There are 2 protein chains.
Amino acid sequence: MALMLRKVLATSEGFSKADLTRLSKHADVIESWRMDQQSVEGILPEVEAVILLAWPSFMSRENMSKMRRLRFIQTVMVGVNHVPFHDLPKGVVVCSNAGAYSVEVGEHAWGLLLAAAKKIIQTHDAIKEGGRSIASFRGQVKDVLVLEGKTMGIVGFGGIGREVSKYAKAFGMSVLAINRSRKTAPGVRFLYGERGLEHLLSVSDAVLLSAPLTKTTERLIGEKELGMMKKDAILVNVARGDIVDQGALYAHMVADPSFRYATDVWWFREGRETLETEKPLATLPNFVGTPHTSGPTGLAGGRPFTMAVDNTIRYLRGVKPKNVVDVSDYRRS
Amino acid sequence: MALMLRKVLATSEGFSKADLTRLSKHADVIESWRMDQQSVEGILPEVEAVILLAWPSFMSRENMSKMRRLRFIQTVMVGVNHVPFHDLPKGVVVCSNAGAYSVEVGEHAWGLLLAAAKKIIQTHDAIKEGGRSIASFRGQVKDVLVLEGKTMGIVGFGGIGREVSKYAKAFGMSVLAINRSRKTAPGVRFLYGERGLEHLLSVSDAVLLSAPLTKTTERLIGEKELGMMKKDAILVNVARGDIVDQGALYAHMVADPSFRYATDVWWFREGRETLETEKPLATLPNFVGTPHTSGPTGLAGGRPFTMAVDNTIRYLRGVKPKNVVDVSDYRRS
């Protein structure tokens with residue numbers, strides 16, 4: 001009998017041939033998108049590792065209870081909030097893909113910030129409608145924000161935060177950042193704890209949310225926190241919609257039109273991120289929104305898949321994988 | 001009889017009290033906006049220097065012929081293409097206000113580039129219209145441009161070009177630049193002449209126009225030059241609309257929807273910059289336009305007025321003023 005290779009289940013298209021070939025040297029790679037549901041379900045009890053983009057429907061609670069060999073889950077996405085941590089068998093290691101999209105998301109975040117700061121959408125749309133003179137815009141221009149000399153606050157200093165801090169420094173801004181780990185980065189002042197967050201929110205002209213959505217960060221920015229921010233601050237969200245309390249945000253933006261919110265991420269409804277918000281945010285002139293387009297840019301380039309494969313190979317070779325998720329951040333007791 | 005102070009005419013509001021007080025130590029400052037037209041015209045023959053924002057209507061060809069003492073004109077704007085060089089008495093020194101808006105315009109240019117690169121306006125407006133899912137945008141995302149690793153070409157490397165080159169480097173781009181003067185700047189590769197421009201246009205993923213509008217740069221970018229550019233390049237204009245041939249641009253953008261044009265500046269019609277274009281550019285999905293809002297941001301801060309006053313004081317004290325315009329760049333023979 002031939003030696004049984006360990007089984008790795010890849011559950012979405014997007015892997016390059018080179019990535020799959022590389023992975024095959026360490027495991028028997030099963031490509032679920034080439035199989036019917038029944039065949040996939042039949043093989044689940046033998047699977048040791050799964051690489052996934054969206055959470056696959058066949059990994060239901062019931063089916064997972066049959067996955068006795070499951071030890072390792074690698075996500076292609078950075079955020080792991082879509083993983084059903086409560087249903088996972090104990091001892092399964094979950095790895096995020098932190099850093100895989102840092103450049104793409106960082107660039108997108110800076111685009112959102114500048115679009116809001118320079119009122120690019122509002123003025124562009126008014127020009128498109130027609131009938132306006134250049135002089136008629138002078139009044140609207142007074143609340144254009146010049147970034148030079150201002151303060152950038154970064155909540156969650158991972159790969160995206162690091163990218164954005166480089167841009168902020170090139171734009172002549174001071175940079176503050178919050179992070180749980182005691183990181184350092186050139187030219188960035190780190191703050192800690194609740195008092196750190198309060199200070200960051202109160203002095204920053206622009207605030208970037210780039211932290212994972214965990215039980216600690218869910219609704220981190222509510223009425224109280226918005227109230228601490230500068231009246232004409234710009235809040236940029238490239239993390240997850242649910243870090244912000246939607247009702248409080250809407251009330252704050254209506255009450256203060258000089259406050260701006262620019263986001264690439266949306267709230268979850270019935271388990272799915274959706275553009276259908278409870279409050280009509282997109283109708284507000286101080287709102288800028290894009291449809292989670294920052295991440296897929298990176299996906300198109302294939303790098304996130306390559307990084308996910310690399311990390312899975314690390315696990316298979318017995319090397320400590322990167323980006324191991326602390327499950328207690330997500331599981332509620 | 002008291003010593004006659006030299007007369008400086010300030011022709012628009014916006015000067016701070018401090019600026020006017022400083023200037024008054026060197027000259028008799030006449031604030032034309034506080035006077036009626038007849039009184040202003042009466043004083044013109046005694047005026048030695050003029051500081052102006054827009055070209056004042058009372059400085060008509062006929063009236064200028066009476067300004068026998070006129071020696072110095074300082075503009076608050078950076079561009080001097082609104083100055084009627086043909087009608088100016090010989091020997092009058094004209095100074096631009098180069099550098100006064102570099103940060104504001106540079107930041108705005110980067111906002112335009114990112115808005116076009118990340119398709120922020122198109123996706124925002126589609127979300128605002130409603131009825132779309134996040135997944136439905138995946139197709140549109142494929143031509144999002146990631147700036148890292150790409151090439152930025154800067155046509156006209158003054159203060160704005162220098163600012164933008166700093167941003168481009170922070171974004172991990174290679175930077176090429178064209179300039180008449182043999183400038184250097186860290187990390188920027190300078191090219192010269194027509195061949196230099198051709199090379200820059202053909203290899204750059206994003207091209208910034210930040211040169212003055214002179215008889216050399218008028219319609220610098222026409223059908224031939226657009227044809228040299230990469231198919232999916234982004235052309236950003238923060239200089240003057242008339243550097244680009246509008247008809248050729250429109251035809252190019254219609255023929256190739258992946259080519260993008262993002263502008264804060266507009267073409268002149270009957271001597272005025274106007275949002276009313278000959279071709280319906282603003283209706284194109286690959287067009288981003290703002291209503292010359294980058295400069296006035298700087299104006300609101302007062303710095304351009306302060307810089308204009310400082311340079312006028314240099315002239316009055318007999319020190320060589322900065323930014324003296326080479327009149328031959330503007331006067332056609």
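Modeller: Happy to. Let's start with the seven-stranded open sheet of chain A, which runs S8-S7-S6-S9-S10-S11-S14 with parallel pairing. Here, strands (E, at least two residues) and helices (H or I, at least four) are DSSP runs numbered from the N terminus, and two strands pair if DSSP finds at least two bridges between them. This is a predicted model, so local features need pLDDT of at least 70 and side-chain atom pairs count only at pLDDT 80 or more, while totals for chains, interfaces and linings use all residues. Residues are numbered from 1 along each chain as its sequence is written, chains are lettered from A and ligands numbered from 1 in the order written, and side-chain values use heavy atoms, without hydrogens and water.

The edges of the seven-stranded sheet are S8 (188-191) and S14 of chain A, each of which pairs on one side only. On average, neighbouring strands are turned by 15° against each other, direction ignored (axes are lines fitted to C-alpha atoms, for helices over the stretch in contact, and angles between N-to-C directions run from 0 to 180 degrees). Within the sheet, S10 (234-237) and S11 (260-263) of chain A pair in the parallel sense over four bridges, and Ile234(A) has Arg260(A) in S11(A) as its bridge partner.

Now to the partner chain. Across the interface of chain A and chain B there are two salt bridges (a side-chain nitrogen of Lys or Arg within 4 Å of a carboxyl oxygen of Asp or Glu). In one salt bridge, Glu107(A) meets Lys118(B) at 2.8 Å, N to O.

The contact (heavy atoms within 4.5 Å) takes 47 residues from chain A and 47 residues from chain B. Together the chains bury about 4,300 Å², 71% of it on carbon and sulfur atoms; that is accessible area (1.4 Å probe) lost on putting the two parts together, summed over both.

How do the copies relate? Chain A can be laid on chain B with an RMSD of 0.1 Å by a turn of 180° and a shift of 0.0 Å along the axis (least squares on C-alpha atoms of residues with pLDDT of at least 70 in both). The two copies are thus related as by a two-fold rotation axis. In chain A, 100% of the interface residues are also interface residues in chain B, so the copies meet through the same surface.

Chain B also shows an open five-stranded sheet, S2-S1-S3-S4-S5, with parallel pairing. Its edge strands are S2 (28-31) and S5 (93-95) of chain B, each pairing on one side only, and its neighbouring strands are turned by 20° against each other on average, direction ignored. S4 (72-75) and S5 of chain B pair in the parallel sense over three bridges, with Val94(B) in S5(B) as the bridge partner of Ile73(B). Helix H1 (17-24) of chain B packs on this sheet, touching S1 (7-10), S2 and S3 (47-52), at about 140° to the direction of S2(B). Helix H11 (303-316) of chain B lies across S1, S3, S4 and S5, running at about 165° to S4(B).
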